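Me: I am new to this structure. Please show me how to read it, feature by feature.

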Amino acid sequence: MNILEVRDLRVYYQTIKGEVKALDGATFSVAEGEIMGLAGESGCGKSTLGRSLVLLKPPMKYVDGKVFLEGEPLPIWDREKMNAFRFAKVSLIPQYAMNALNPTKKIKRIFADILASRGIRLKQVLSELNWRFELVELPLEVLKMYPIELSGGMKQRVVMVLSTLLNPSLLIADEVTSALDVSTQKAVAKMLVEFRDQRFVKALIVITHDISLLYQIADTILVMYAGKFAEKGGTEEIISDPKHPYTRLLISSLPKIGVRYMETKLRGIPGHPPSLLEPPGGCRFRERCPEAFEKCGEEPPFITLDSTGRQVACWLITGNHD
Amino acid sequence: MTRYLVRKVTIYLLTFFLAVTIDWIIPRFMPGNPIQTMLSRAALRAEAVEVMRGYYLKAFGLDVPVWQQYLNFWKAVFHGDLGVSVYLFPKPVIKVIAEAIPYTLAILVPAIILSWIAGNKFGAFAARRKWLDSTLLPMGYFLTATPYMWLGIFLAWGFGVALGWFPIAGGYSFAMTPNLSWKFVLDLLWHWFLPFASLFLVMFGGWAIGMRNMIIYELEADYSQYLESLGAPRRLIRSYAFRNAILPQITGLALQMGTIAAGAVVTETVFSYPGIGSLIVQAIQNQDYFLIQGCFLFIIIGVLLANFIVDIVYLIVDPRTRRGMIGEI
Amino acid sequence: MKKKPRKVKHEFLYFAWRNWKLRLGLLVVFFFVLLAIVGPHLTPYEPWAYVGPSARPPCKEFWFGTTMFGQDVFTQFVHGLYPVFLVGVLGGGLATVIGTLIGFTAGYRGGWVDEILNTFTNVVLVIPTLALLLILAAYLGVRSFFIQAVFIGCTAWPWTARAVRAQTLSLKAREFVDLAKISGMRPAKIVLTEIAPNMLSYLVMVFILQFGGAILNAATLDFIGLGPTRGISLGLMMQIALLWGALPLGMWWWFVPPGLAIALLVGALYITNVGLDEVFNPKLREM
């Protein structure tokens, strides 16, 4: 059974200028034990997707779609009902993890208060907590400190432990490595995998713009562009054989070790994503796509290509398979 | 923590030093001959004039060099010898002040404490309910924008003159003499109520508004969002926000002390309430320099003390200052 | 059903107009400004002239009634508005300027400059200015509104200095400042082009608060008898009214309008400030 099933999810942002269609029809699933990477540039909708699964509040607006967590419907549009699922079944490591701890409370107090609200005494989970702290290489003294006494990386790890303390089925990690230095990034990445291996969480969605991180830890990669899915597949396959033009440009724009860039230019992707207020009809990548053709005026469906589960939304690939 | 305290105490000592110096300067650099002015105003008999002149000369120590006069003043201050009042001759200044201070404290202290507590609770409550917010907001701003004396006059007129429920002058009924009977105590309270209420209402508005804004700010903070993502009940999120919002309200109390002191002065004037505010105004109107000196000194000490108390409270409430982090103020 | 996105050219002005607090506040302020300008022309009387029977309640001839001396209260009222604005703007403006200079210098320079300015700020903060002024005023023979404004400006700045310092510190830590420094921009230029524009909105709000505070301060001083020795102001009206027994005689038309006007005006300023805050900080906006 898949841990997460999402069908045609649409979440828009309400602004004075109108509705920004940040997430426009997402359909995918995450299997048990899977670490799915969600990649794309800023504003593509990946954070919206992640956040909407945990805390959907204004200005975000639920428009359409169904979500199932371990077979049960997940009422993401109902803030009250979702409380039963949050923390226990689905949890979030937020983008702002370094500011996520109340500055005037000791770490121990924060843990105790949140657990108490679930009817759990801190004492009951203390040994488990100790072990997890060890796992993320945090000294136990941290519990007696105030957030301001900790470094950014330490705060991040505290948040990681807290968010996963009740062994949620699904963990969403939103840009957890973006603000860290490279060596800490590696450590954090390893911890995420460890969480899965130790079965603290049953499935993970890792949201990032950094594909190289996903290459390290993700089993599958889902590439988003302008609110829609572009491509999905196993990590190895996506990296070695990207099919969607956007994915190809994304991979090729990564610097590679050993290549000297005096000879080959490091290419970015010229242009910028379309406004999601009034998105263009048809394929949203059309304007920047070097291989766009006539058919691209029509929106390409997100189609499964073969038995490996590879999915692409591009007429170039799927056009002839009508 | 010690750094924090040392810093604070230094400021207060500095200010006290400065204030006493200014206090000393007052009679010395006035236009004209201060002693002559005082004597002519005092309308004394001929023999008394000579005694007073001699006394003043000695009191001002005008026969010794200036720096020694200054030191003598400091000595006098620490001995509690603030001279004799001209306006209320022959009462010593310190006695006059001692009689006035209880009245001022009686209206100020409860007004400050109660308005702070009530205002903060109310402001936090209002931030939760939209309908209450829409009614509280304009009312709160109006109250805090109201000049103290106008509210005093308005209440005095409304409840004192028009409705006749409360007296509008004095600390107690003129017909009575102070004694420890129930009747007198009730009379005191009866006279106390309107000046107290007037101070209370203006301050209440300010705290309520301040708290409401702080709470909204805290509820938008990252840590509140995170708590919500963890499915924390609203109660918990609110209590965290409240706890954090209180801190700037405490420092705000210290910042307000000067304004509150001014408010007490005008309120006492409106109600002819015999506190130290009324006293200093009368002293100025009668050009009683010793009394002015004494009152100013006490007002300064009062404000410094109040600031210090607030700082201690902040120390207790914000755990981070104890750890030697954020020495905010 | 698809909603067509609206064309919004100037997002700032749009929000500014839509914000009811800003609208209401500015409306009330402009009303009083208008009254201060036009008012004196609406009445045939002079503020200090004895024009009618004493202690008359409001009637057709005397819209706000008459004082104990038979002067028209309405005339006094509209003439008394102008100095309120004058002292408010001058005093508030001066306090804003001093506070900004001190706060900014302390925040930007840091180090011992910061320490000294901080100590100075704290000392001025703690001194109860009313007591100081009570005594100072005993010396000055003639006082004008201008001097009153200067005094208020010189004593009301400490909280502004603190606030501006905090803002400066937080801006200083932002990346774009570091970037400017690295690119070799001169400090003066950095201040003008990078930091100042970000502080501008904050300073506008600070000024509005100082404006309101100065009005209250001035009214208090006038009431105590430390106001200008000539001229009329709202605070002065209340003082005279009280002095001449308007309270026990129930002459509400004499003392209610001046104080009410101040409360409404300053309240409107505060509400405008809240509205402005919402316009400048998108997070606070109600959708």
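**Reading the model, step by step**

Reply: Start with one residue: at 22% relative accessibility, Glu41(A) counts as partly exposed. Buried means under 20% relative accessible area, exposed over 50%, and partly exposed in between (1.4 Å probe, protein chains only).

Me: What should I know about the model and its numbering?

Reply: This is a predicted model, where local features need pLDDT of at least 70, side-chain atom pairs count only at pLDDT 80 or more, and totals for chains, interfaces and linings use all residues. Residues are numbered from 1 along each chain as its sequence is written, chains are lettered from A and ligands numbered from 1 in the order in which they are written, and side-chain values use heavy atoms, with hydrogens and water left out.

Me: Which residue forms a salt bridge with Glu41(A)?

Reply: First the general idea. Side chains of opposite charge can pair when their charged atoms come close. The rule for a salt bridge asks for a side-chain nitrogen of Lys or Arg within 4 Å of a carboxyl oxygen of Asp or Glu. Here the partner of Glu41(A) is Arg288(A), with the closest N and O atoms 3.2 Å apart. Glu41(A) sits in the loop between β3 (35-39) and α1 (46-52) of chain A, and Arg288(A) in the loop between α9 (245-252) and β11 (303-304) of chain A, so the pair ties together parts that are 247 residues apart in sequence. Helices (H or I, at least four residues) and strands (E, at least two) are DSSP runs, numbered from the N terminus.

Me: Is Arg288(A) buried or exposed?

Reply: Arg288(A) is buried, at a relative accessible area of 12%.

Me: How many salt bridges are there over all chains?

Reply: The count comes to 26 by this rule. Take Asp219(A) and Arg196(A), whose side chains meet at 3.0 Å, N to O. Asp219(A) is in the loop between α7 (211-217) and β9 (220-225) of chain A, while Arg196(A) is in helix α6 (residues 182-197) of chain A; this pair links distant parts of the chain, 23 residues apart. Asp219(A) is partly exposed at 33% relative accessibility. Arg196(A), at 17%, is buried.

Me: Which residue forms a salt bridge with Asp241(A)?

Reply: Lys243(A) does, and the closest N and O atoms are 3.1 Å apart. Asp241(A) is partly exposed, with a relative accessible area of 37%. Lys243(A) is also partly exposed, at 23%. Elsewhere, salt bridges that share partners join Asp8(A), Arg10(A), Asp24(A) and Arg284(A) into one network.

Me: What does Lys228(A) touch?

Reply: Contact means heavy atoms within 4.5 Å. Leaving out residues up to four places away in sequence, Lys228(A) touches Asp24(A), Val223(A), Arg284(A) and Glu299(A). Lys228(A) belongs to strand β10 (residues 228-234) of chain A. With a relative accessible area of 15%, Lys228(A) is buried.

Me: How do I read a sheet? What is the order of the 8 strands in chain A?

Reply: Look for pairing: two strands pair if DSSP finds at least two bridges between them. The open sheet of 8 strands runs β6-β7-β8-β3-β9-β10-β12-β11 (chain A), with mixed pairing. At its edges stand β6 (90-93) and β11 of chain A, each with a single partner strand, so one side of each has no neighbour in the sheet. β11(A) pairs with strand β12 (residues 311-312) of chain A in the antiparallel sense, over 2 bridges. Thr304(A) stands opposite Gln311(A) in β12(A).

Me: What is the order of the open sheet of 4 strands?

Reply: The order is β2-β1-β4-β5 (chain A), with antiparallel pairing. Strand β1 (residues 4-15) and strand β4 (residues 60-69) of chain A pair over 8 bridges. Leu4(A) stands opposite Leu69(A) in β4(A).

Me: How many residues of chain C are in contact with chain B?

Reply: 43 residues of chain C are in contact with 50 residues of chain B. Buried area is the accessible area (1.4 Å probe) that two parts lose on being put together, summed over both. Between chain C and chain B it is about 4200 Å², and carbon and sulfur atoms give 81% of this. The rule finds 1 salt bridge across this interface. Arg7(B) and Glu115(C) form a salt bridge, with the closest N and O atoms 2.9 Å apart. On the side of chain C that touches chain B, the largest share, 13 residues, comes from α11(C).
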